[in-house]
Amino acid sequence: MKVTILQFPGTNCEYDSENAFKSLGAETEILWHKADSVPADTDLLVIAGGFSYGDYLRSGAIAKFSPVMKAVKKYAEDGGKVLGICNGFQVLTESGLLPGTLKRNENLHFLSKHHHLKVLNNENAFLEKLQDGDIVNLPIAHHDGNYYIDDAGLKELYKNDQVLLKYCDKSGNEDNPNGSIDSIAGICNKERNVFGLMPHPERAMETILGSDDGKKMLQGFLSK
């Protein structure tokens with residue numbers, strides 16, 4: 001399997017993502033943001049975390065104008081799988097590839113810690129190795145992770161089973177760290193080929209680092 005990982009000025013999780021997928025046996029390539037096409041042999045395109053363009057103006061708002069994003073949109077429209085992690089999630093919402101937006105955290109503080117998530121829907125490539133109701137523990141590291149969508153959009157997300165992950169405590173009870181509407185931590189598009197989440201599965205690959213729950217999440221992509 002070939003995983004292509006986008007790199008913008010300010011991206012800082014591309015090598016974590018590369019290491020995670022290599023550890024699962026995937027071939028990887030890091031693609032600079034000035035590329036005008038996605039490699040033809042790409043099975044999964046990852047938009048990694050960090051601070052693209054220093055998060056100036058608004059997180060992900062400048063990255064959406066990078067040359068490569070036209071190719072990313074075409075790749076997604078043709079059914080290619082796309083995973084946006086943290087800043088990558090922000091880039092996907094700013095680009096219109098996922099609904100909603102990411103705002104400043106409710107407490108206005110940068111959050112950096114492990115946090116539990118509940119799986120709401122595993123009928124997709126991303127979470128198929130997990131079960132609905134499973135609790136996973138992943139690192140979060142963000143200042144603008146407060147997911148927002150209007151009431152009509154929220155109803156649409158639930159109607160189409162697009163809400164994939166929610167923030168919770170270790171027992172599965174709601175525990176919202178950043179003010180996200182309905183404690184939403186991750187979603188997908190209607191077609192279930194574009195995925196976005198604020199937590200970092202690529203940083204949860206070894207128990208010595210606090211959790212290896214990211215393995216099952218990313219392995220879902222490798223089975224397709």
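Leucine 97 lies in the loop that links helix 3 (87-94) to strand 5, helices (H or I, at least four residues) and strands (E, at least two) being DSSP runs numbered from the N terminus. The structure is a predicted model, in which local features need pLDDT of at least 70 and side-chain atom pairs count only at pLDDT 80 or more, while totals for chains, interfaces and linings use all residues. Residues are numbered from 1 along each chain as its sequence is written, and side-chain values use heavy atoms, with hydrogens and water left out.

Leucine 97 counts as buried because its relative accessibility is 15%; buried denotes under 20% relative accessible area, exposed over 50%, and partly exposed in between (1.4 Å probe, protein chains only). Apart from neighbours within four places in sequence, leucine 97 is in contact with Val72, Lys73, Ala76, Leu92, Asn189 and Val194, contact meaning heavy atoms within 4.5 Å.

Asparagine 105 is classed as buried because its relative accessibility is 1%. With residues up to four places away in sequence not counted, asparagine 105 touches Phe110, Leu111, His142, His143, Asp144, Gly145, Asn146 and Asn178.

Nine strands form an open sheet of order 2-1-3-4-11-10-9-6-7 with mixed pairing, where two strands pair if DSSP finds at least two bridges between them. Strand 2 and strand 7 are the edge strands, each pairing on one side only. On average, neighbouring strands of this sheet are turned by 25 degrees against each other, direction ignored. Axes are lines fitted to C-alpha atoms, for helices over the stretch in contact, and angles run from 0 to 180 degrees between N-to-C directions.

Strand 1 (residues 2-7) is largely enclosed by the rest of the structure, because six of its six residues are buried. Lys2, Thr4 and Leu6 point one way from strand 1, whereas Val3, Ile5 and Gln7 point the other way. Strand 1 pairs in the parallel sense with strand 2 (residues 27-32) over six bridges, and glutamine 7 has tryptophan 32 of strand 2 as its bridge partner. The chain passes from strand 1 through helix 1 (residues 14-23) to strand 2 in a right-handed β-α-β crossover; right-handed means that, with the strands pointing away from the viewer, the path from the first strand over the helix to the second runs clockwise. Strand 1 is also joined by four bridges to strand 3 (residues 44-47), and these two strands run parallel. Here isoleucine 5 stands opposite valine 46 of strand 3.

Helix 3 lies across strand 3, strand 4, strand 10 (184-188) and strand 11, running at about 120 degrees to strand 4. In helix 5 (residues 214-222), the residues Gly214, Met217, Leu218, Gly220 and Phe221 are buried. They lie on the same side of helix 5 because they cover an arc of only 135 degrees around the axis, the arc being that of the directions from the helix axis to the C-beta atoms. The buried residues of helix 5 pack against helix 1, strand 3, strand 4 (81-85), strand 7 (135-142), strand 9 (163-168) and strand 11 (194-197).
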